[in-house]
Amino acid sequence: MTTAINPAKVSRTGTPYTARIQHWSIARPWQTNAALLLIGTALFFLCRQLVSEYDHYTIGFSGVSGWSSILYLAAAFLILTQPVDRFTFPIILAVAIACRLAVLFAEPYLSSDIYRYVWDGIVQHAHISPYRYVPGNPLLEFLRAPNQDIFDNINRRDYAHTIYPPAAQALFYLITWISPTVTFMKAAMVLFEGVTMYALIKLLRYLGIRREQILLYAWCPLLIWEIAGSGHLDSAAMAFIALALLARYRKQPILTGLFLAIAILLKFYPVVLLPALYRRGDFKMPATVAAVIALAYAAYSSVGMLVFGFLGGYAKEEGITTGTRYFLLELAQRIPGLNSLTPTAYFLFCAPVFAAITWWSWQVASQHGSENQRPATNPGAPSSRRFLSLSRGPRQLAGGVVWWAFAQPREPHSSPGPFSLSADAAFLAPAFALTAALMFLFSPHYAWYIIWLVPFFTLMPNLPILTYLLGFFYLYTTALAVPGPKIFLANEILYAAVFAAFLIQLALNRWPVHRPLFVQHSTASEPL
């Protein structure tokens, strides 16, 4: 006996409505967009609340950072698991721009570094090397009157020469040539975020990941605070790091070397990426890096060793040379029998960690891939089901520090996930590992030092780094962000949370029970 289908219950395509019934958890693109609009609107008002907190206490910085982190988590979950359409990407960009505009025009409150940027540019326009004198030197007194508001807010102005490398000084010169104001300096740093997003979107498309995943960068509250809010130079460094990654993927060694060298000349720490971006047998990239750095320092060499500025003093002041800033070292010193552990011993511990990742980078460098053919990409293909998608196979973060063993099996007929890496993209994993190892081992005290993890996290989302970014962001806006026992407790909480997240990630990859419950098959967005 056959069952007749009521014609009224058949769609125009001939498909019975009963066959089209979906599980309650399966969203439609318009539902994703509506949810993102609500989250984005709330995030925007929290950005406005941040500016309000500069003048008077309402919910406090920890309240703003805590709620912003919750909203970011919700948005990240949606964009990684739910379907999108051609309207999703404009929504992401509109919210990102609105949030940055909400804090852009306010005076910096959480950091005063930007005043040194502007001052260094002003000094150069007076045809004086920014490395030659401290801002408080009487010889620069003629520059104070027209720029008193800048001078009054410079930190360490009476004893510290500028610490910023030559590319940073060239950038300060160009920006202050247009407008020697804090607001324009902040605007320039926000524009560099646009460069970073461009490079990341290109990489996402090459990796076969939908471009909407750029939300992980664009909506990150840590970036909004530290770049649009405080105008940190790290934004420019991130832009050139992202361009270097893109050039490395495209097998353009000279451009890779040029962009990496500029990133190093903006902020020193990108030098750790050199092993990961190297391709065995190709010396154009390292030669370009060396040549650009040498030329840049030669341009400012008239001041002699002063060209390195306050670097040595800063390292001592921040406990980099004395070891007082390293959480893991201090933690080890609290173990009975290790209380006399020296910074030298800690550095000897760190050395094999970086050596292991460098060796891994060297192995990846030998995987040349296709020399004459770009990796096939199909941005319009369906993306694989993924929840904090990661690589297929183990990814060592650092020997003995973290074992990056994330695995993401693909479903049949799905396109490659972001970490089913071909030889052309395999360098991204050790590059991420070097970046993360530097942060975990040397435990920075300032939030802007960790923001260069965000572009890597956008390409390679995972639970431990998400926990580190948001945990750092929140804890360092609380009463625990005070040097001494309180900041040690903050780091204990942070590192314990990251370790727990790492174990959860391993369990989810080993037993992926979450996929059929929460993660939906999604299609890439249509072009606008």
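Tutor: Accessible areas here come from the Shrake-Rupley method with a 1.4 Å probe, and for residues only the protein chains shown count as cover. This is a predicted model, where local features need pLDDT of at least 70, side-chain atom pairs count only at pLDDT 80 or more, and totals for chains, interfaces and linings use all residues. Residues are numbered from 1 along each chain as its sequence is written, and side-chain values use heavy atoms, with hydrogens and water left out.

Student: What share of the accessible surface of the protein chain belongs to carbon and sulfur atoms?
Tutor: Start with the total. The accessible surface comes to about 22,900 Å². The part belonging to carbon and sulfur atoms is 66%.

Student: How many helices and strands are in the protein chain?
Tutor: Helices (H or I, at least four residues) and strands (E, at least two) are DSSP runs, numbered from the N terminus. By that rule, the chain has 21 helices and zero strands.

Student: What percentage of the 528 residues is buried?
Tutor: Buried means under 20% relative accessible area, exposed over 50%, and partly exposed in between (1.4 Å probe, protein chains only). Of the 528 residues in the chain, the buried ones make up 55%.

Student: Which residues touch the most other members of the largest nonpolar core?
Tutor: A nonpolar core is a set of buried Ala, Val, Leu, Ile, Met, Phe, Trp, Tyr and Cys residues joined through side-chain atoms within 4.5 Å. The largest one has 169 residues, and the members touching the most others are W219 and L233.

Student: Which helices do the buried residues of helix 16 pack against?
Tutor: Helix 16 (residues 343-365) has 23 residues and reaches 32 Å from its first C-alpha to its last. Its buried residues include Y346, F354 and W360. Contact means heavy atoms within 4.5 Å. The partners are helix 12 (274-277), helix 15 (327-333) and helix 17 (428-442).

Student: Where do E193 and R100, which meet in a salt bridge, lie?
Tutor: A salt bridge is a side-chain nitrogen of Lys or Arg within 4 Å of a carboxyl oxygen of Asp or Glu. E193 and R100 meet at 2.8 Å, N to O. The two are 93 residues apart, with E193 in helix 7 (residues 182-206) and R100 in helix 3 (residues 88-104).

Student: Why does E193 count as buried?
Tutor: Check its relative accessibility. E193 counts as buried because the value is 2%.

Student: Where does K267, the partner of D234, lie?
Tutor: The side chains of D234 and K267 meet in a salt bridge of 3.7 Å, N to O. D234 is in helix 10, 33 residues away from K267. K267 sits in the loop between helix 11 (253-266) and helix 12.

Technical notes:
The expected span of a helix is 1.5 Å times one less than its number of residues.
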